[in-house]
Amino acid sequence: MADIETWNLICTSLGKSRNSKLLDLDIRKIPCNDFLNIDLLSQRYSEGRFGFSVKSDIFDTEGGDYKSFCDRIGYRFKLASRLVWIDTSRVS
């Protein structure tokens, strides 16, 4: 549910439809205050377990290795209409 709400906030910030795809260029357009507010809300309501800064720290702890990062936080992705655990052996 938090991921959906985060997505909704980002789309609202960019003036995009919730069915839109986020492009690399879009990231630069999100106001810093919006990122900070989402990060703070995520940390507050997860008791410090989630948020952009938390994930950034975990990524750094894993030496910038995306596979290790995914394994550590349990990233999942959408396959058809269901979420499945990411197979990090296929992530490069």
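**Reading salt bridges and helix packing**

User: Arg-72 counts as partly exposed, because its relative accessibility is 47%. What does partly exposed mean?

Analyst: Partly exposed sits between buried (under 20% relative accessible area) and exposed (over 50%), with a 1.4 Å probe and protein chains only. This is a predicted model, where local features need pLDDT of at least 70, side-chain atom pairs count only at pLDDT 80 or more, and totals for chains, interfaces and linings use all residues. Residues are numbered from 1 along each chain as its sequence is written, and side-chain values use heavy atoms, with hydrogens and water left out.

User: How many residues does the chain have, and what share of them count as buried?

Analyst: The chain has 92 residues, and 20% of them count as buried.

User: Back to Arg-72. Which residue does Arg-72 form a salt bridge with?

Analyst: The general idea goes like this: side chains of opposite charge can pair when their charged atoms come close. Here the partner is Glu-62, with the closest N and O atoms 3.0 Å apart (the cut-off is a side-chain nitrogen of Lys or Arg within 4 Å of a carboxyl oxygen of Asp or Glu). This pair links distant parts of the chain, ten residues apart: Arg-72 is in helix α5 (residues 66-73), while Glu-62 is in the loop between α4 (52-61) and α5. Glu-62 counts as partly exposed too, at 24% relative accessibility.

User: How many salt bridges turn up in the whole structure?

Analyst: A search of the whole structure gives two. Besides the Arg-72 and Glu-62 pair, the side chains of Lys-16 and Asp-26 meet at 2.7 Å, N to O.

User: Which elements make up the chain?

Analyst: Five helices and two strands, in the order α-α-α-α-α-β-β from the N terminus on. Helices (H or I, at least four residues) and strands (E, at least two) are DSSP runs, numbered from the N terminus.

User: And how do α4 and α5 pack?

Analyst: Two packed helices are described by the angle between their axes and the distance between the axes. For α4 and α5, the angle is about 125° and the axes are 9 Å apart. The two helices are therefore oblique to each other (under 35 degrees is roughly parallel, over 145 roughly antiparallel, 65 to 115 roughly perpendicular, the rest oblique).

Definitions and conventions. Axes are lines fitted to C-alpha atoms, for helices over the stretch in contact, and angles run from 0 to 180 degrees between N-to-C directions.
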